[in-house]
Structure formats: C-alpha cells, structure tokens
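Subject: Structure handover

Hello,

Here is the structure I said I would pass on. My notes on it follow below, grouped by region.

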Amino acid sequence: MLALVVSASGLATAQTADEILDKSIQARGGADKLNNLKSLRMEGTLSVSGMDIPTKSIIVHKRGMRNELEVMGQSIVMAIDGDKGWMINPMAGGNAPMALPEDQLKASLSQLDLSGITNYKASGPSAELLGKETVDGTEGYNVKLITKDGPTMTHSIDTKNFNIIKTLIKVNVSGQDTEVETKMSNYKVFEGISFPTTTEITNPQAGVITTTITKVEVNPKVDESIFAMPKN
C-alpha cells in the first residue's frame, strides 16, 4: 500500500518539459510582458582575467545589438546589424571596423530575441525533459530545446522558482563543435520583467567571463543607425 501511495505521489508531482517552460515564462513576468519587450539598454561591469571592465549594451528585438567596453582607455565595440556583424578592437592593432567572423556572428544572433523562450512552440523546436541536476547548490530541471535552424540549447530551470539558472548552447567555432555554458543568477525585476543581473559565461576558448548588470532600461527609444558598420 505504501509503495502505491509513493508512486501516486510521484505521478502527481511529475511535470512535462512544456509545463516547466511555461512556468519559467510566467516567472519572468508572463508572455504578454515579454512579447512587448522591444528594446533594452543595460550598463554593468564585465570581469575577465582579473580585470573589471565597464560595459554598455543596447538591443533592439530581432533588429540589432551594440556592445561597448572600455579597456585601459580604449573603446571596443561589437555590433550586429540585422544578419551582419562588425567590431572595432584597437587592442588587436587598429581602429578600423572589421566584419565579425561567421561563427561569432551565429553565436551572437540568439541574443537579438528579447522574448527568450517565450515563443518556443511557434519557432518549431522540440522540448525534451532530461531530468534534474544541481547547479551551485540549486536543483534544476534540465530541458533540451532542439531548433530547426538555430543552435541546440539545454536550460537548467530552478525547481522552486522556475528561473533559468544555466544554459548550454552548442555552437560551431572554427569548424569545431563546442559547448558554451552560461550561468544566471541574482534575478531582479525591472518594469515587471525579471532579469538575471549576474551572468557567468564559460567558453573553452575564452575562459570565464562574469557580467554584473547595474542598470536596465526597458523599451528605451533607440536610434538604429548605431548598429550600422562605420565606413572606413
């Protein structure tokens, strides 16, 4: 009898991948708010190799993105304009804008979708629940999303508050498949939408990069000409 009760309890608490993703969307503020997110302006600090670097980012939903870093008095700019990308990196020996490498561009394009996982059903990926894992002491559901054209992603979603605490993305870099890990924490609410203010990206080629967001503006007006690659 006890075994039957335990079994029934397990069935009652079992959740599908779709149910977990839906709860995660609600945890961030709900589909209506997330689908109304058209632009973001963020400021913070990027920590890498023992340096703390001021950073600013502007994103327009599915249109463009511009990131600026100040390193030892030098300004580094990386931008995406539609399906093209460019950067200016004086630390690499010049101030002339250069096209982003194709693999770096592909790895960055997913950041243009400000709705996140909100419309995952409409975009055609399959969702698969892989079980659970513990990320830095927090238990999470692992949900794998396989898209038709984009990268394969596996999200670890907190079993209690349904925030995404880690994402693994498979990307191709220089002809080799690699996995980029992003941990997310310290969620804060801006204009009714929850954002992780700490992200920790682990890339086999670049090491660990930690970004701490100190300011978020929701739906600011943006002059989209800032995404265009300057002429030499």
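**Strand pairing around β13**

β1 and β13 run antiparallel and are joined by eight bridges. One of the positions to look at in this pairing is E43, whose bridge partner in β13 is K215. β13 also pairs with β12, again in the antiparallel sense, over six bridges. There, I201 has I209 of β13 as its bridge partner. Please keep in mind throughout that this is a predicted model.

V48 is found in strand β1, and I209 is found in strand β13. V48 counts as buried because its relative accessible area is 17%, which is under the 20% cut-off. I209, with a relative accessible area of 23%, is partly exposed. Setting aside residues up to four places away in sequence, V48 touches I53, V208 and I209.

V48 and T211 are 163 residues apart in sequence, and their C-alpha atoms are 8.9 Å apart in space. For I209 and S49, 160 residues apart along the chain, the C-alpha separation is 8.2 Å.

**The chain as a whole**

The chain has 232 residues, of which 37% count as buried. Its secondary structure comes to four helices and 13 strands. Among contacts in the chain with a separation of 6 or more, 41% are accounted for by residues 24 or more positions apart.

In soluble globular proteins, nonpolar side chains tend to be buried together. Here the largest nonpolar core holds 29 residues, and those that touch the most other members are L21, L40 and I157. Two or more residues come from each of α2 (17-28), β1 (39-48), β4 (74-81), β8 (138-146), β12 (193-203) and β13 (207-218). The largest share is from α2, with four residues. Apart from this core lies another, of six residues, including L46, V48, I53 and L69.

What does I157 contact, leaving aside neighbours within four places in sequence? The list is I20, L21, S24, E139, G140, Y141, V143, F162, N163, I164 and I165.

S24, one of those contacts of I157, is found in helix α2. At 3% relative accessibility, S24 counts as buried. Not counting residues up to four places away in sequence, S24 touches I117, I157, F162 and I164.

**Aromatic rings**

How many aromatic pairs does a search of the whole structure find? The search finds two. Y141 and F162 form a stacked pair, with 6.3 Å centre to centre and 20 degrees between the planes. This pair links distant parts of the chain: Y141 is in strand β8, while F162 is in the loop between β9 (153-158) and β10 (164-173), 21 residues apart. Y141 is buried, with a relative accessible area of 11%, and F162 counts as buried at 11% relative accessibility. Y141 and F162 are also among the contacts of I157, and F162 is among those of S24.

Elsewhere, R28 lies over the face of F195, at 5.2 Å from the ring centre.

β4 and strand β5 (residues 84-88) pair in the antiparallel sense over five bridges. In this pairing, the bridge partner of I80 in β5 is G85. The hairpin of β4 and β5 has two residues between the strands, and G82 takes a positive phi near 70 degrees there.

β5 is joined in turn to strand β6 (residues 98-99) by two bridges, and these strands run antiparallel. W86 stands opposite A99 in β6.

Regards

Conventions:
Residues numbered from 1 in each chain as written. Predicted model: local features only at pLDDT ≥ 70, side-chain atom pairs only at ≥ 80, totals over all residues. Heavy atoms only, no water. Buried < 20%, exposed > 50% of the residue type's maximum accessible area, 1.4 Å probe, protein only. Contact = heavy atoms within 4.5 Å. Core = buried A, V, L, I, M, F, W, Y, C linked by side-chain atoms within 4.5 Å. Pairing = 2+ DSSP bridges. Phe/Tyr/Trp six-rings, centres within 6.5 Å; stacked < 30°, edge-to-face > 60°. Lys NZ or Arg CZ within 6 Å of the ring centre and 35° of its normal.
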